[in-house]
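This report looks at the salt bridges of one protein model. Read it with the structure open.

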Amino acid sequence: MSEGIPCLWMRGGTSKGACFLASDLPTDPAMRDALLLRIMGSPDPRQIDGIGGADPLTSKVAILSPPSRPDADVDYLFLQVYVDQPLVSDAQGCGNILAAAGPAAIERGLVPVAGPVTPVRIHMLNTGEVATAHIQTPDGRVRYDGDAAIDGVPGTHAPVPLLFQNIAGSMCGALLPSGNAVDVIEGVDCTLIDNGMPIVVMRAADFGLTGQESRDALDADTALKARIEAIRLIAGPLMNLGDVADKTVPKMTLVSRATQGGAINTRSFIPHRCHATIGVFAAVSVATACLLPDSPAAGLADLPTDGRFGIEHPGGAAEVLIVTDASGRITGAGTLRTARKLFDGRVFDTLT
């Protein structure tokens, strides 16, 4: 690999990550992960000797390959590369980097352009589900400029609508893996839910917080993070996730009343640092929790009449569309993201 490895560096939603073809990486997972740690510069809080951005949101990887099922156009494996630990995790998906997977698949020739808008059916290997992204492709190539804006990203870009179906229990086997809308853990009411992302929903007020605290303030509160982690370690087995001490799931989400016209306000931990915004699938799970009458979220939520939930976060709000049938059962979800190609080139391994 002395001549480098082809790498497409993309922003997807409010995250950044390196996109690779599976064929350009080692097939052995251990060798692959060791390589990605060196590429990102982990473990090091600054990731100074790699391309990572010293933040979980900018230390992500998408691996793309031809589809392994007939109802998909491309396979997408998401990997979270830890910043300050020698760990690479496939224990979760990422809806933000998912927004970059469609454009990257077209850029790499895995999916042909199909007109002014190209639908890309993405098989999410982490969860086994298929999401559909609609990519702007006028003039036979991906378009990144446009008028769509998402909170947490400056400016406007081409819209990337994402549509999901059958994501309930994506990792836990059931929407409510414990069988309850509310479990009391360490004296705190918790909703253990997985509608695309396993999360634990708790009232910010139960931790003596308003829910409007800054990311930096929450990250500096070591007592708070220790309490949240204690709950997370108990919740993991209840969610069929086993011992989660070295896993990035479940995410821990504090909820409070919205203040900017949304449905609910959040502060999300991923799992040990406060998210600058909120993950796409975590936002879907939060919106779903708002619909459970007994959950901590339901008592705080201002439910929309059109199914469009504004999930407020430190950087603004993420819009989530929840689709229900006549009986009120959730049948699908969607969100709007944007993406941008940042560079296309080769990245070099420190061992060569």
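## Salt-bridge count

In this predicted model, the count comes to 14 salt bridges. Side chains of opposite charge can pair when their charged atoms come close. Some of the pairs are described below.

## Arg203 and Asp189

Arg203 and Asp189 form a salt bridge, with N and O 3.1 Å apart. This pair links distant parts of the chain. Arg203 belongs to strand E11 (residues 198-203), and Asp189 to strand E10 (residues 188-194). The two residues are 14 residues apart.

## Glu319 and Arg308

A second bridge joins Glu319 to Arg308, at 3.0 Å from N to O. Glu319 sits in strand E15 (residues 316-324) and Arg308 in strand E14 (residues 308-313), so the pair ties together parts that are eleven residues apart in sequence.

Glu319 has a relative accessible area of 42%, which means it is partly exposed. Arg308 is likewise partly exposed, at 42%.

## Asp145 and Arg143

Asp145 pairs with Arg143 in a salt bridge. Their closest N and O atoms are 3.2 Å apart. Asp145 reaches 49% relative accessibility and counts as partly exposed. The cut-off for exposed is over 50%, so 49% falls in the partly exposed range. Arg143 is partly exposed as well, at 39%.

## A network

Which residues are linked in a network of salt bridges? They are Asp55, Arg215 and Arg273.

Methods
Residues numbered from 1 in each chain as written. Predicted model: local features only at pLDDT ≥ 70, side-chain atom pairs only at ≥ 80, totals over all residues. Heavy atoms only, no water. Salt bridge = Lys/Arg side-chain N within 4 Å of Asp/Glu carboxyl O. Buried < 20%, exposed > 50% of the residue type's maximum accessible area, 1.4 Å probe, protein only. Helix = DSSP H or I, 4+ residues; strand = E, 2+ residues; numbered from the N terminus.
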